[in-house]
Amino acid sequence: MVPPPGRPADAAKDEALAGFGRYAGPATFILSSLAGGEKHGYALTKDIEAFAGVRLPPGTLYEALARLEGQGLIEAVPSEDRRKPYRLTALGATVLRRQLDAQLKVANLGLRRLSGTWGVA
Amino acid sequence: MSELEDRAARRAERLVRCYSPTWSQRYGEEFAELLAADMLERPRDWRRVLDVLRCGALSRFTAAGLAGEIADPMAQARAALVSFGVALAAFVPFGLAMWSQLTIGWQWSEPSVPVTGLAVVVMSVAVAVLALIAVLAAAPIVWVFLRRIVGRQQRGLLLPAALFSVGLTLLVLGGRHFGNGWPGTGGHPWAHQGLVPGGVAAFTWATTLGVTSYWAHPAALLAFPPAEVAWMGASPLAMVAVVVGAVQTVRRLDCSARVLRHEARVARLAGAAMAAFLVAAAAWVVDGGPGPRNLFHAGSIDVLGLVVMGSALAVGLRALHRVRPRRLDRAPG
């Protein structure tokens, strides 16, 4: 992975690992979608809509894409097409893994408590 | 391409213009493709337009160093400092218009209300500090500019520098010309009884003649001599030329981290002086009273001035907060 110009790789990594803040939703959707292979903007929108039931508006999608690219979590794939595909970087895969692990922990805990207190399986 | 696709492509291109040039250069083409595809699927969607407007505004704020984060700490500091300079440029004409009216009033009679007297003194000190800060801020910029000119690296610098020079020359000449004939110009008997030298007060009054509530009263405005009305319209344009020229010159100079650190320190001082000026001005407007012969009466233009100065200060402080001195300290130079 090549860090964006003017930004040391470590600083970008620290920042990315610290969390996505208010971009957590779109960022997780995009990284999860790219984990399945490179995609351009429209393909990302359709994939996310299919697996999460959420349609990211174009502005929000590209706001998150630009941020993730700046953090070195994704990178543009060279293309002659006007639609530029993106792919996950090694750092992006690590960060996504951490993010999903944390979400899984919360989901498992919530499900256990629901089951224990409310009897909802 | 069908007519429908063609229309969607054109609408998409128009929406991309909401974004900053830097963002558009990098993402514009592919983003327009996505927008056009989205429009063909959902032709009428006001949420998409709102989303693009919001994100476009955010990209412009980010480019101006007021939101988000630019990857290069030098570019972030430069953008934030330029934004601070623009905020200061919006603050200064309204502040000087207010201050010059008060200092000219003082030449006729001292204010009878202590709050007004104290406010004018504080405003005068703040103006003096801001003038000193302007010199301190300009010195390294001028030095870098001259080095670029001597080193024959003047590409892209001459036009904005010329715009700045023309605007400044117009302001100085016009200010000198229209400042004559008022108390404070050399020959007037009350020239030296005020708080500040009369010539300074008259010059400042003349350069900020365009900041007036007469714009809302065209009939009264037309009673003025045509040359004065023309100057009231021309002087704000000269100020805009000064600001645009200065901003473009600074943007293209590519100053070192050392110069940017100096500018950041000086800008923080300017922020403090602006805050002191605003507090004093607000105290006068709220509690000052008209004073003898209505000389210190606060009008609607002064209330508007407070609003503009308050907004400019808020933007300026936001910009200062985003200079990120720690990131700048890590930058070379």
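User: Which residues does B:A281 touch, leaving out those up to four places away in sequence?

Analyst: This is a predicted model, where local features need pLDDT of at least 70, side-chain atom pairs count only at pLDDT 80 or more, and totals for chains, interfaces and linings use all residues. Residues are numbered from 1 along each chain as its sequence is written, and chains are lettered from A and ligands numbered from 1 in the order in which they are written. Two residues are in contact if their C-beta atoms, placed from the backbone, lie within 7 Å. On that rule, B:A281 touches B:M98, B:A119, B:M123, B:L306 and B:M309.

User: How many residues does the largest nonpolar core have?

Analyst: A nonpolar core is a set of buried Ala, Val, Leu, Ile, Met, Phe, Trp, Tyr and Cys residues joined through C-beta atoms within 7 Å. Buried means that 20 or more other C-beta atoms lie within 10 Å of a residue's own; with 12 or fewer it is exposed, and in between it is partly exposed (C-beta atoms are placed from the backbone). B:A281 and B:M123 are among those with the most contacts inside the largest core, and this core has 55 residues.

User: Which element gives the most to this core?

Analyst: Helices (H or I, at least four residues) and strands (E, at least two) are DSSP runs, numbered from the N terminus. Those giving two or more residues to the core include α4 (73-108), α5 (114-150) and α10 (257-287) of chain B. With 16 residues, the top contributor is α4(B).

User: How many residues are in the other core, apart from it?

Analyst: This core includes A:I48 and A:L88, as well as B:A12 and B:L15. Its total is 34 residues.

User: Which helix gives the most to the side of chain B that touches chain A?

Analyst: In this pairing, 19 residues of chain B are in contact with 17 residues of chain A. Both α2 (21-41) and α3 (46-63) of chain B supply at least two residues to that side of chain B. With nine residues, the leading helix is α2(B).

User: Where does α2(B) bend by about 70°?

Analyst: The bend at a residue is the angle between axes fitted to the seven residues ending there and the seven starting there. One of the buried residues of α2(B) is B:Y27. The bend of about 70° is at B:Y27.

User: How far apart are the C-alpha centres of the two domains of chain B, domain 1 and domain 2?

Analyst: Domain bounds come from an automatic or database domain assignment. For chain B it gives domain 1 (3-63) and domain 2 (73-330). Their C-alpha centres lie apart by 38 Å.
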